[in-house]
Amino acid sequence: MHAITGITGQVGGAAARELLARGERVRAVVRDADKGRAWAALGCEVAIATLDDAAALARAFDGATSVFVVPPPVFDPAPGFPEARATAAALDQALRAARPARVVCLSTIGAQAAPSNLLSQHTLMEEVWSALPLDVTLLRPSWFIENLRWDIDAARTQGVIPAFLQPPDRPVPMVATADVGRVAARLLTEKGAGQRIVELDGPAPVSPNDIAAALAQALGRPVRAAPVPRDSWEALFHSQGMCHPQPRIRMIDGFNEGWIRFAGGEAVQVRGTTGLASVVEQLVG
């Protein structure tokens with residue numbers, strides 16, 4: 001039995017579907033029963049728990065051979081990342097109580113980076129997970145290609161997409177969420193892996209110009225990537241409703257300056273197979 005948190009999201013859902021296709025038993029860990037109905041219809045067990053409720057999580061993980069931990073995305077964290085700390089503490093308590101044979105935790109490229117940024121939430125959680133007396137795999141995927149979904153309307157209506165990754169011809173590591181889910185499903189079934197880091201990249205790096213070209217091809221109209229001036233980011237993010245934009249700004253700086261990158265070394269390197277064009281075609285429809 002594999003317990004999957006974040007199953008209603010892209011990565012958790014992809015992992016669950018892959019496991020079900022292999023004939024594996026899956027327990028969907030969801031916040032409320034309504035969110036579990038679709039997964040129950042697919043043959044999953046359903047457990048109700050939020051990721052800040054250690055007791056409910058322990059019950060949800062009880063009897064599971066493996067657990068896939070997908071932390072909820074927090075794009076506007078409070079100073080000091082209290083949301084990540086609360087999630088990490090609850091998961092630590094629950095996993096120690098349930099003691100599954102294997103745990104796969106979704107982290108991120110750059111979790112080892114020293115400068116504080118939005119991805120430092122994963123750094124904090126990795127510190128907790130790495131101390132668990134269990135077989136723990138820290139899965140660090142690169143930037144999700146699906147982040148481009150937020151640019152589709154602008155590409156369709158204006159022929160321009162904003163480029164925060166700069167310069168726009170510089171490619172960065174990117175991977176499709178379908179590949180993240182597939183790799184996670186495989187890792188959840190591997191026995192005796194011990195403590196390890198798995199770094200997951202896509203088949204090729206991707207630049208904003210590449211995204212613009214792929215959108216142009218899919219939409220049948222010219223599309224270009226326009227760099228957004230660095231000195232405008234804070235005001236722009238505030239105007240979009242963010243209260244604490246600095247972590248997000250520093251994350252983008254990290255990609256642009258090169259200090260958010262794969263760690264290499266003893267980490268296991270894996271490549272996905274889903275390319276940019278395939279993701280764009282799926283998103284554009």
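This is a predicted model: local features need pLDDT of at least 70, side-chain atom pairs count only at pLDDT 80 or more; totals for chains, interfaces and linings use all residues.

User: How do I read a pocket? What is the volume of the second largest pocket?

Analyst: Rolling a probe the size of a water molecule over the atoms shows where empty space is left. On a 1 Å grid over the protein atoms alone, a pocket is an open set of points with protein on both sides within 12 Å along at least five of seven lines; a cavity is a set where a 1.4 Å probe fits but cannot get out; lining residues have an atom within 4 Å of a point. Points are joined across faces, edges and corners, and a volume is the space filled by probe spheres set on them. Here, the second largest pocket has a volume of about 290 Å³. Its lining has 21 residues, and A14, R17, T177, A178 and Q282 are the closest to its centre.

User: Which helices each supply at least two residues of that pocket's lining?

Analyst: Helices (H or I, at least four residues) and strands (E, at least two) are DSSP runs, numbered from the N terminus. α1 (10–21), α7 (177–188) and α11 (276–284) each supply at least two residues. The largest share, five residues, comes from α1. By type, the lining has seven nonpolar, nine polar and five charged residues. Nonpolar covers Ala, Val, Leu, Ile, Met, Phe, Trp, Tyr, Cys and Pro; charged covers Asp, Glu, Lys and Arg; the others, Gly among them, are polar.

User: How many cavities of 30 Å³ or more are there?

Analyst: The count is one. The largest cavity has a volume of about 30 Å³. Residues that line this cavity include R102, D135 and L187. β5 (102–106) and β6 (135–141) are the elements that give two or more residues to its lining. The lining of the largest cavity splits into five nonpolar, two polar and four charged residues.

User: Now rings. How many aromatic pairs does the structure hold?

Analyst: Rings of Phe, Tyr and Trp (its six-membered ring) pair if their centres lie within 6.5 Å; planes under 30 degrees apart are stacked, over 60 edge-to-face, the rest tilted. The structure holds three aromatic pairs. The centres of F164 and F237 are 5.6 Å apart and their planes at 35 degrees, so this pair is tilted. F164 lies in the loop between β8 (160–163) and β9 (174–175) and F237 in helix α9 (residues 233–239), so the pair ties together parts 73 residues apart in sequence. Ring pairs link F164, W233 and F237 into a cluster.

User: Is F237 buried or exposed?

Analyst: Buried means under 20% relative accessible area, exposed over 50%, partly exposed in between (1.4 Å probe, protein chains only). F237 is buried, at 0%. F164 is buried too, at 17%.

User: What about the cysteines? How many disulfides are there?

Analyst: A disulfide is a pair of cysteine sulfur atoms within 2.5 Å. The structure holds zero. For C44, the nearest cysteine sulfur is that of C105, 20 Å away. C44 is buried, at 8%, whereas C243 is exposed, at 54%.

User: Where is L95 found?

Analyst: L95 is in helix α4 (residues 82–98). L95 is buried, with a relative accessible area of 0%. Its C-alpha atom is 9.5 Å from that of P133, 38 residues apart along the chain.

Methods:
Residues are numbered from 1 along each chain as its sequence is written. Side-chain values use heavy atoms; hydrogens and water are left out.
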